[in-house]
Amino acid sequence: MEGNSLWITEFTLHKNDANYFRMLYKEIGINVPEEFFIQDPVYACVNNLHDKEKLIEFVKRYSHGNYFLNREEIIGLRKQKVDFGAHSKHHFNIASLNNQELKIQIKQDKQVLEEILDCEITKFAIPFGKIEHYNRNSIQYCAEVGYEQIYHTNPNDVLKKDFIDGID
């Protein structure tokens, strides 16, 4: 929101521009075989990303523009009874984040929304949503910061007791 270019949106806009991804991969230090790179450059980046800050800087530099809601639009939607949840600050694979990165991506995102909307945010949708995109640590952290509902795209039910200590 508020002018932050979401890298996954930029990737979609550049999906047919191999030179964009070659420049990106070179700059952020991702080395994958050419055939894998051509087959699905977004997947290759998501699963090989080590320097997230370099990715954000690259995307901002080559951004097509702003695609996001500003504070006033968010508040206006809330007044129209739209329910909000969080989705992380930069849409990274949360299973790959260390505790410091989880705090930035999950907790700070929640705090910003709560400040704007003046209400508690209790819902979180896992970026990408597949089972390989979350783990015990990330789910435990989501619960610790106050998320009561966590959404994913896994077709099987995910039980709290499988991820959060002390719950039967």
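## A linked set of charged side chains

In this predicted model, the side chains of Arg 78 and Asp 83 meet in a salt bridge, with a nitrogen-to-oxygen distance of 3.7 Å. Asp 83 also forms a salt bridge with Lys 123, and here the closest N and O atoms are 2.3 Å apart. Because Lys 123 lies in strand β1 (residues 123–125), while Asp 83 sits in the loop between α6 (71–79) and α7, this pair ties together parts of the chain that are 40 residues apart in sequence.

Taken together, Arg 78, Asp 83 and Lys 123 are linked in a network of salt bridges. Arg 78 has a relative accessibility of 30% and counts as partly exposed, and Lys 123, at 24%, also counts as partly exposed. These values fall in that class because it covers the range between the buried limit, under 20%, and the exposed limit, over 50%.

## A salt bridge within helix α7

The count of salt bridges in the model comes to four, and one of them joins the side chains of Glu 114 and Lys 110, with 2.4 Å from N to O. Glu 114 and Lys 110 are four residues apart in helix α7, so about one helical turn separates them. Is Lys 110 buried or exposed? With a relative accessibility of 5%, Lys 110 counts as buried, because the buried class takes in residues under 20%.

## Where helices α2 and α5 cross

Helix α2 (residues 18–28) and helix α5 (residues 52–61) have axes that come within 9 Å and cross at roughly 145 degrees, and the crossing of α2 and α5 is right-handed. On the α2 side, the contact is made by Tyr 20, Met 23, Leu 24, Glu 27 and Ile 28, and on the α5 side by Lys 54, Leu 55, Phe 58, Val 59 and Arg 61. Sorted by class, the residues in this contact of α2 with α5 are seven nonpolar and three charged, with no polar ones.

## The largest nonpolar core

The largest nonpolar core holds 32 residues, and the members that touch the most others are Leu 24, Ile 94, Ile 106, Phe 124 and Tyr 147. The elements that give two or more residues to this core are α2, α5, α7 (99–117) and α8 (136–144).

Which residues does Phe 124 contact, leaving aside its neighbours within four places in sequence? Phe 124 is in contact with Ala 86, His 87, Ser 88, Ile 94, Ile 106, Cys 142, Tyr 147, Gln 149, Ile 150 and Tyr 151.

Methods: Residues are numbered from 1 along each chain as its sequence is written. This is a predicted model: local features need pLDDT of at least 70, side-chain atom pairs count only at pLDDT 80 or more; totals for chains, interfaces and linings use all residues. Side-chain values use heavy atoms; hydrogens and water are left out. Axes are lines fitted to C-alpha atoms, for helices over the stretch in contact, and angles run from 0 to 180 degrees between N-to-C directions. A crossing is left-handed if the near helix is turned anticlockwise from the far one by less than a right angle, and right-handed if clockwise. Contact means heavy atoms within 4.5 Å. Ala, Val, Leu, Ile, Met, Phe, Trp, Tyr, Cys and Pro count as nonpolar, Asp, Glu, Lys and Arg as charged, and the others, Gly among them, as polar. A nonpolar core is a set of buried Ala, Val, Leu, Ile, Met, Phe, Trp, Tyr and Cys residues joined through side-chain atoms within 4.5 Å. Buried means under 20% relative accessible area, exposed over 50%, partly exposed in between (1.4 Å probe, protein chains only).
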